Amino acid sequence: MEYKLNEFATDDYKMLVELSNHQIKIKGIDVIPLTQKEIAEECKISYPTANKLITILIEKGCLKPAENKGRYIITSKGLACIEELEKVRIINEVISEKGE
């Protein structure tokens, strides 16, 4: 039986991972330089859904607005979530490979 992390990952987690792939350094701080519209396009979701997921990530403490309006920063909690779920993904791959 094969398990895939994507089957268990929530939409907000998937967005968090996608956002982490777009971080750039500005004045020594990792910032996501995308607007909500661009985030929606990158994640292939509607603008209202992107807005809702961003709000959820902010409420969970995984994301915070940057000083520049319309930009975001992944918090240490958000980075820790990505790191832990990446470990789960790797373990899942190893289990799947052994089951083949």
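**Helix H3**

I began with helix H3, residues 36-43, where Gln36, Ile39 and Ala40 are buried. Viewed down the axis of H3, these buried residues fall within an arc of 100 degrees, so they line one face of the helix. I note that the model is a predicted one. On the other side of H3 I found Lys37 and Glu41 exposed.

I then looked up what covers the buried residues of H3; the cover includes helix H2 (11-20), helix H4 (47-59) and strand S4 (72-74). Just after H3, I noted a positive phi of about 55 degrees at Lys44.

**Core**

Which residues does Ile39 touch, leaving out those up to four places away in sequence? I listed Met15, Leu19, Leu34, Ile54 and Tyr72. Ile39 is also among the residues with the most contacts inside the largest nonpolar core, together with Met15, Leu19, Ile32, Leu63 and Ile74. That core has 17 residues. H2, H3, H4 and S4 each supply at least two residues of this core.

**Cysteines**

I checked for disulfides and the count came to 0. Cys62 is in no disulfide, and the nearest cysteine sulfur, that of Cys81, is 4.0 Å away.

**Salt bridges**

I counted 4 salt bridges. In one of them the side chains of Lys60 and Asp12 meet, at 2.4 Å from N to O. Lys60 lies in the loop between H4 and strand S3 (63-65) and Asp12 in helix H2, so this pair ties together parts that are 48 residues apart in sequence. Are the two partners buried or exposed? Lys60 is partly exposed, with a relative accessible area of 41%, while Asp12 is buried at 8% relative accessibility.

I also recorded a salt bridge between the side chains of Lys25 and Asp30, at 3.2 Å from N to O. Lys25 is exposed at 58% relative accessibility, and Asp30 is partly exposed at 31%.

In helix H5 (residues 76-99) I looked at Lys87 and Glu83, which lie 4 residues apart, about one turn of the helix. Salt bridges that share partners join Glu83, Glu84 and Lys87 into one network. For the bridge between Lys87 and Glu83, the closest N and O atoms are 4.0 Å apart. Lys87 is partly exposed at 41% relative accessibility; Glu83 is partly exposed too, with a relative accessible area of 48%.

How values were computed. Residues numbered from 1 in each chain as written. Predicted model: local features only at pLDDT ≥ 70, side-chain atom pairs only at ≥ 80, totals over all residues. Heavy atoms only, no water. Disulfide = S-S within 2.5 Å. Buried < 20%, exposed > 50% of the residue type's maximum accessible area, 1.4 Å probe, protein only. Arc of directions from axis to C-beta. Contact = heavy atoms within 4.5 Å. Core = buried A, V, L, I, M, F, W, Y, C linked by side-chain atoms within 4.5 Å.
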